[in-house]
Structures are given as C-alpha cells and as structure tokens.
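Please read them with the model open.

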Amino acid sequence: MSDPIERREFGRAKLADQLRTLGVERGGVLLVHTSFRAVRPIAGGPLGLIEALREAVGPDGTLVMPSWTGDDNAPFYPATTPASPDLGIVADIFWRLPGVLRSNHPFACAASGPQAEQITADPLPLPPHRPESPVGRVHDLDGQVLLLGIGHEENTTLHLAELLAGAPYRVPKHCTIAEDGRPVRIDYGENDHCCARFALADEWLRQRGLQSEGLVGHAHARLARSHDIVRVAIDRLRADPLLFLHREGAGCAECDAARRSIA
Ligand SMILES: [Zn+2]
C-alpha cells in the first residue's frame, strides 16, 4: 500500500477517460456503488467524481446511485432524509444535487438523466430489490453496474437475481413510511443475509469474460451489465438456491437467520 499522503490527485478529464477505458457506455444507464476512500484524492472531492461519471455517460446517459435510508424506524422523506452512511459520501451528495430525482420510499435510488424518472417512479417495493424497484428498472433498461473500490458484496443487483431465481429465504425486517404526516411501520420479509458470498460473482463473470476491471482514480473498479450479473447468478442459484448463504455452523448469524426463515 502506498502512503495516502503521496497519492496523486486525479482530475475530472482523467477520471472520465479511465471510466470510458473500463467500458462505461455513453448514453447508457450506469448504476454506481462507490467507496470514495478507495478512489480519492480527486480534484473537487466527491463532486468531482460525480462530474466525471456524468461526463463518461454523457448528456444522453443516466447516472444512478443507491440512496436508501439506514434508519428503519424514522419515516423517509425524499427531500431531507440522508442516505445510509453505509452508502458513502458520494451517494449522499448525489441525491442532493439539482436535477437529481429520488424515489419516494425508504429503499430509494437517486438518478439523473433521460431515464431518471422511470428508474425512481415505482412505489415502495417489497422486498426492496424486486423487479419493480430502481435496481430492477436499471436491469430492464440494460444498464451497467459499476463497483468503485468495492466488491460484489455491495452489489444490490444480486438481490434482484435472488428474487428472480426464487431464493426461498425471507428474514423479518421493517421500515417506516410517512402517511398523512404520521409514521407508519411496515413489516416485511427480505431476501437478506451477510452478503459475503456475493463475492462469488467475480469468478462467474470473469470466467465468461463479462466483467471489465481496471483503475478509476486509485480504486479497483469492476464493470458488468446488469443483465449479465443477473443471468450468471440465476444459473448458479437454480442449481443451489442457498448458494449465497454461509453453511450451517459456519458461525454467520445473518446467514443462519436466513436459513431459519425458510418455511
Ligand atoms: Zn453469512
């Protein structure tokens, strides 16, 4: 690891160049999950990175980022509720920018560009990443998924694949919405677990030549089509629907809870 103090700062033009070299399509739909810590330093900070992403997709492209709340107990307001700290600073800055649309529910994504309305328009999706959700709409629109400085453990599109493949686990969860100005708790079951084994998608995509990898800023970046991510995962999940769960006795409380949830 190089000393962070010695890290060279990347400017917008160089970043946009790296993104295009990686395979980001002009005019396409791009869903971005980011660790800014891995990418930096960037001229202009997180906003500089967002500008580079916009430059890479161009004026006819649509940029999408997760924007859900990390607070299950507070009602979600799209104009004020911060994005979950887990999503990082880039995601929390993006939804606040002029012209960026945000879903009106706790599992929101934010989007800017020609397809932004279609991606953010669905009502509360339960489970959160079903086909009628922002991540599902990115899939409908043949979008690309960019993982910047993070792995498939954070790749929400794999939760969509689980649902499409019929993964049977649903752990009890709740969220809170505002109805006539009052908080209303909604209980639901979600196909969730620790997500560590989502990392298997690296190997599946690499084997088939469906994942592009390279540097963006200082971060290792992965780029794949939503369709390809979903397809390779469904192929594996059909053979073993519990493939993403740690085995019983492995000491993973979250995966054990997912196993227990199977009726
Ligand atoms: Zn686990």
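This is a predicted model: local features need pLDDT of at least 70, side-chain atom pairs count only at pLDDT 80 or more; totals for chains, interfaces and linings use all residues.

1. Leaving out residues up to four places away in sequence, Gln144 touches Gly23, Val24, Glu25, Val29, Leu30, Leu31, Leu223, Ala224, Arg225 and Ser226. Gln144 belongs to strand E5, residues 144-148. Its relative accessible area is 6%. The cut-off for buried is under 20%, so Gln144 counts as buried.

2. Next, the sheet around that strand. It is open and has 7 strands, in the order E3-E4-E2-E1-E5-E9-E8. The pairing is mixed. The edges are strand E3 (101-102) and strand E8 (212-216). Each has a single partner strand, so one side of each lacks a neighbour in the sheet.

3. One pairing in detail. Strand E1 (residues 29-34) runs parallel to strand E2 (residues 62-66), and 3 bridges link the pair. Leu31 has Val64 in E2 as its bridge partner. Leu31 is also among the residues that Gln144 touches.

4. Two helices on the sheet. Helix H1 (residues 12-22) packs there and touches E5, E8 and strand E9 (219-225). The direction of H1 makes about 170° with that of E8. H9 packs on the sheet as well, touching E5 and E9. Its direction makes about 80° with that of E9.

5. How do helix H7 and helix H9 pack? H7 covers residues 157-165 and H9 covers residues 226-239. Their axes are 9 Å apart, at an angle of about 45°. The two helices are therefore oblique to each other. The crossing of H7 past H9 is right-handed.

6. The residues at that contact. H7 contributes Thr157, Leu158, Leu160, Ala161, Glu162, Leu164 and Ala165. H9 contributes Ser226, Ile229, Val230, Ala233, Ile234, Leu237 and Arg238. By class, the contact of H7 with H9 has 10 nonpolar, 2 polar and 2 charged residues.

7. Is H7 mostly covered or mostly open? H7 is mostly covered, with 8 of its 9 residues buried. The buried ones are Thr157, Leu158, His159, Leu160, Ala161, Glu162, Leu163 and Ala165. Their cover includes E1, helix H6 (134-140), E5, helix H8 (200-207) and H9. Gly166 follows H7 and has a positive phi, near 80°.

8. A hairpin to inspect. Strand E6 (residues 171-179) and strand E7 (residues 182-190) pair in the antiparallel sense over 9 bridges. Val171 has Glu190 in E7 as its bridge partner. The two strands form a hairpin, with 2 residues between them. Asp180 sits in the turn.

9. Backbone points to check. Most residues other than glycine have a negative phi, and most peptide bonds are trans. Asp180 has a positive phi of about 50°, although it is not a glycine. Asp180 is exposed, at a relative accessible area of 80%. Asp142 is not a glycine either, and its phi is positive, about 55°. Asp142 lies in the loop between H6 and E5. At 30% relative accessibility, Asp142 is partly exposed.

10. Which residues are joined by cis peptide bonds? Pro41 is in the loop between helix H2 (36-39) and helix H3 (45-57). Another cis peptide bond joins Leu126 and Pro127, with omega about -10°. The loop between helix H5 (116-120) and H6 holds Pro127.

11. Last, a tryptophan in a loop. Trp68 is found between E2 and helix H4 (88-94). Is Trp68 buried or exposed? Trp68 is buried, with a relative accessible area of 17%. Setting aside neighbours within four places in sequence, Trp68 is in contact with Pro82, Ala83, Ser84, Leu87, Pro106, Phe107, Ala108, Cys109, His129 and Thr156. From Trp68 to Val216, the C-alpha to C-alpha distance is 25 Å, and the two are 148 residues apart in sequence.

Notes: Residues are numbered from 1 along each chain as its sequence is written. Side-chain values use heavy atoms; hydrogens and water are left out. Axes are lines fitted to C-alpha atoms, for helices over the stretch in contact, and angles run from 0 to 180 degrees between N-to-C directions. Helices (H or I, at least four residues) and strands (E, at least two) are DSSP runs, numbered from the N terminus. Angles under 35 degrees count as roughly parallel, over 145 as roughly antiparallel, 65 to 115 as roughly perpendicular and the rest as oblique. A crossing is left-handed if the near helix is turned anticlockwise from the far one by less than a right angle, and right-handed if clockwise. Contact means heavy atoms within 4.5 Å. Ala, Val, Leu, Ile, Met, Phe, Trp, Tyr, Cys and Pro count as nonpolar, Asp, Glu, Lys and Arg as charged, and the others, Gly among them, as polar. Buried means under 20% relative accessible area, exposed over 50%, partly exposed in between (1.4 Å probe, protein chains only). Two strands pair if DSSP finds at least two bridges between them.
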